[in-house]
Amino acid sequence: MSQADATTESPPAAKLTLMTLTAMVVGSMVGAGVFSLPRRFAQETGVAGALIAWAIAGTGMLMLAFVFQSLAVRRPDLDAGVYAYAKAGFGEYLGFFSAFGYWASACVGNVTYWVLIMSTLGAVFPALGDGDTLLAAALSTLGLWAFFLLIRRGVKEAAAINRIVTVAKVVPILVFVVLALFFLDPQVFADNWAGADYAGSLFNQVRGTMLATVFVFLGVEGASVYSRHAQRREDVGRATVLGFLSVFAVFASVTIVSYGILPMAEIAELRQPSMAGVLDAAVGTWGEIFVSVGLIVSVLGAYLAWTLMAAEVLFVAAKDNDMPRFLRRASAADVPVPALVMTTLMSQLVLIVTLFSEDAFNFALDLTSALTLIPFLLAAAFAFKIGVRPDRRTEGGAGSAREITVATVATLYTAFLLYAAGLKFVLVSFIVYAPATLLFVKVRREQGRRLFSPAELVICAVSVAGAVLGVIALAAGWISL
């Protein structure tokens, strides 16, 4: 047996309980993004638009949570969640794209955390700017590789740290909501109801916030990614729904109560993290410091959780022969080290790209959301497919009317999000997706198989054409980072 083959199989990890899985979902969802919500929403919409946006996002994401809950029970043979569902439903190439897209979105999302924490420190150290200066990028790089060394020590240890950090970071968010409610000015809230003049029509206001809501809900699928570590398969679905319901009210509250503290236009001009500026206006400087410290803790937990999930996706995909063989390897501590290295390198690359963007944080946030939409859409469509036409591996036979309805709503919701993302982020997503085909080609060559079937060749041509158009659009200035 070769050394490569010897490292393919890793020792079984400690099984994760319902409480641990739920904590991992909450830890993944409650990230640094929630600290940026007041400004992001105020740049797009007033109170009325925000309420509608949260109603749509809450309903859509709850349907996705139900989809993952259902799939965990009806297809218990599938591990790694998002990626496995796309492959089972729509073939190896789209399954590969789903795995790569989900992984890439996690890497881009991790960059938003470092941009935001440097922007937070920038309030004290001007050289860090809004998290997009050379010094900020250098310090963020140190953070990237410090976490690489931590996670390399073991999944079990990192998961335990994540549970502690999850509790620590939720506290300042809850305190913010309570204090903002206490200091809420009904007249300011009423003035912000319809939105400022720059916000446009109500439809445009709602559309403009859709990608932001996707970003903060990323992680709802976290338990399904770790399904191979679950103590009981049923716990995967339960943790997904419990995690979602635990944080939805908090997300919406952070946004809505902020409209009662400052005029919408002033919130839109706050530096990130905007929650700090809102609380500063309500209670004074100590409020800004309190939120800023909470953000730093939040970044630690969110980055830890998302890096683990990203590496896990590559590792499981490689074990299923859908990623190159070198990504199968794991250490004695059950850590997929090559996948972890590739994840950190991708985040490093994106961090460098943000230096050339007009708004580093918003660009990374929106790109993270856009990259996730294809994996989510394919998972929802797969749930609909097995509900209507189950195969021999589907537990329980045909889906109930409720399951089919849930899958239909989730599919329509993610399709609408692709429209809401706009042409810019669709094209940029193609630029990210298309080069990944080289990995797919490597896998097929390792297996001695034909590179593409006719249907796969069409998908490849579409992705490459989209990437070329995206590069031309960037070069010509039609779109910008």
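Helix α14, which spans residues 274–283 of this predicted model, is mostly covered, with eight of its ten residues buried.

Two packed helices are described by the angle between their axes and the distance between the axes. For helix α6 (residues 92–122) and helix α19 (residues 437–446), the axes come within 10 Å and cross at roughly 130°. Angles from 65 to 115 degrees count as roughly perpendicular and those over 145 as roughly antiparallel; α6 and α19 are therefore oblique to each other. Their crossing is right-handed. On the side of α6, the contact involves Glu 92, Tyr 93, Phe 96, Phe 97 and Phe 100, and these residues meet Thr 437, Leu 439, Phe 440 and Arg 444 of α19. By residue class, the contact of α6 with α19 comprises six nonpolar, one polar and two charged residues. An α-helix has 3.6 residues a turn, so residues three or four places apart point the same way.

The confidence of the prediction was considered along the chain. The average pLDDT is 78, and 82% of the residues score at least 70. Over residues 1–13, by contrast, pLDDT stays under 50. For this stretch the model has 17 contacts beyond four places in sequence.

Conventions. Residues are numbered from 1 along each chain as its sequence is written. This is a predicted model: local features need pLDDT of at least 70, side-chain atom pairs count only at pLDDT 80 or more; totals for chains, interfaces and linings use all residues. Side-chain values use heavy atoms; hydrogens and water are left out. Buried means under 20% relative accessible area, exposed over 50%, partly exposed in between (1.4 Å probe, protein chains only). Helices (H or I, at least four residues) and strands (E, at least two) are DSSP runs, numbered from the N terminus. pLDDT is the predictor's confidence in each residue, from 0 to 100. Contact means heavy atoms within 4.5 Å. Axes are lines fitted to C-alpha atoms, for helices over the stretch in contact, and angles run from 0 to 180 degrees between N-to-C directions. Angles under 35 degrees count as roughly parallel, over 145 as roughly antiparallel, 65 to 115 as roughly perpendicular and the rest as oblique. A crossing is left-handed if the near helix is turned anticlockwise from the far one by less than a right angle, and right-handed if clockwise. Ala, Val, Leu, Ile, Met, Phe, Trp, Tyr, Cys and Pro count as nonpolar, Asp, Glu, Lys and Arg as charged, and the others, Gly among them, as polar.
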